[in-house]
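Dear colleague,

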Amino acid sequence: MSHTLTAMQALSSQRLWQRLETLSTFTDPDRPWTRRAFSPRFMASREWLTEQMQQAGLSVRIDSGGNLIGRLEGTQPHAKPIMTGSHSDTVFDGGRYDGILGVLAGIEVAHALHDSNQQLEHPFEVVDFLSEEPSDFGVSCVGSRAMVGALSADMLAQRASGAGTLAEAITLVGGDPTQLTQPLYSSGDLHAFVELHIEQGPVLERQDIPIGVVTDLVGIRRFRVVITGQPDHSGTTPMDHRKDALVGAAILIQATQQKAIQMNSEQRYVVSTVGYLSVMPNSSNAVPGKVELMLEIRSNEDHVVEHYGEQLFSMLQPELQALGLQLHTESVSHGKPTRFDAEVVDRIEHSAGVLGYPSLRLPSGAGHDAVYLAGIAPAGMVFIPCLNGRSHCPEEGIQLAHMEAGLKVLLQSIQTIDQHVFNQK
Ligand SMILES: [Zn+2]
């Protein structure tokens, strides 16, 4: 006669590790690890995921947004669900663990609850969100946007070459875009949402801390910047007669690097990048007459996302003017920072402590499905370290011990949140 296991004892790191290995083999063979949303390989991996969910005791459905959802009933039939999950699609040549860790750890939590006969009070749902990475349709977080009513008609009408519209693609994965004119979940429909993910940065690994408790997700602002000077002969134009637009761009690039470095503090995360540059005429014997660049700013502070660009531009204006250069700037996108629910954050941190794992509060510099869920439910995220802080590359890796820590903290957090009554928002 076997003793009754607790759900924590029924968790199997080996089974989760094995599932991570197996799911990652659904890849374009000449381009590991590539599993693009909507591709035949993605569809095959979803069939496999469905089987894994069923083995874990979950009943499986696909919602109108094309999200694959497994559900365990709770003891209180009318309670709102606790949701966990992440995404199974990848970028091109992407990593093996980005996204799938959160989906498969959710399935393992369900498997352990099921095997140990330990029902939560709330229904428990594990989600594979559709197309978190920007697909060929140019839209990211398709499934999580759809869930909260943030997938616009414009987005649904986006086309990818040879693939029709995003709406048609959602239909092909089993969704129903005609239902997406309204949110699938509104504020108050979920008890809570928790997502486990790899950090995708170096902070936890550097400090040798197994658990990150994510406090916020950065806001992202992008500017298109055009610096206009004058194209001239590079041999005959003396240095004091030039209006070199690329010199102006160099000044801007260095200034934004220094400004971002200076603005970082214990509480405030600021990164700024010029990752796109176009030089005209872009010729070895011509003084650059015009440069177009994209300036991106990410921060967990609203104020920084809001004002950083204008501050930088007005600081640079006199210097650029003195060089005979004109500066034109245009804000092309502006996403505000997301603060995770304080009670969820506390419970995740406490859960790590109960299990004896050191943890660190940190913001996320990357976007996640949890951003959208945080708009309608108490939400939080758990990070584990990734190898050398690398992600979105074939070298992305994790340690088994960190995976196990993340898995246990996920279960502990869900059990704690199950017993918690949240303050109404
Ligand atoms: Zn991800």
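This is a predicted model: local features need pLDDT of at least 70, side-chain atom pairs count only at pLDDT 80 or more; totals for chains, interfaces and linings use all residues.

Residues are numbered from 1 along each chain as its sequence is written, and side-chain values use heavy atoms, with hydrogens and water left out.

The side chain of arginine 224 meets that of glutamate 330 in a salt bridge, at 3.4 Å from N to O; the term stands for a side-chain nitrogen of Lys or Arg within 4 Å of a carboxyl oxygen of Asp or Glu. This pair links distant parts of the chain, 106 residues apart, with arginine 224 in strand E9 (residues 219–228) and glutamate 330 in strand E14 (residues 326–335); here helices (H or I, at least four residues) and strands (E, at least two) are DSSP runs, numbered from the N terminus. Glutamate 330 is partly exposed as well, with a relative accessible area of 42%.

The structure holds 23 salt bridges, and another of them joins glutamate 108 to arginine 19, with the closest N and O atoms 3.5 Å apart. Glutamate 108 lies in helix H4 (residues 100–115) and arginine 19 in helix H2 (residues 13–24), 89 residues apart. Glutamate 108 is buried at a relative accessible area of 0%, and arginine 19 is buried at 4%. Both belong to a network of salt bridges that links Arg15, Arg19, Glu108 and Asp115.

Helix H2 also meets helix H13 (residues 400–418), their axes coming within 10 Å and crossing at roughly 110 degrees; axes are lines fitted to C-alpha atoms, for helices over the stretch in contact, and angles run from 0 to 180 degrees between N-to-C directions. H2 and H13 are therefore roughly perpendicular to each other, a label given to angles of 65 to 115 degrees.

On the surface, Leu246, Ile253 and Leu277 form a nonpolar patch with about 210 Å² of accessible area together, where areas come from the Shrake-Rupley method with a 1.4 Å probe, and patch residues have over 30% relative accessible area and no salt bridge, nonpolar side chains being joined within 5 Å. Isoleucine 253 is found in helix H9 (residues 245–263) and is partly exposed, at 33% relative accessibility.

Best regards

Notes. Patches are made of residues with over 30% relative accessible area and no salt bridge: like charges are joined within 9 Å, nonpolar side chains (Val, Leu, Ile, Met, Phe, Trp, Tyr) within 5 Å. Buried means under 20% relative accessible area, exposed over 50%, partly exposed in between (1.4 Å probe, protein chains only). Angles under 35 degrees count as roughly parallel, over 145 as roughly antiparallel, 65 to 115 as roughly perpendicular and the rest as oblique.
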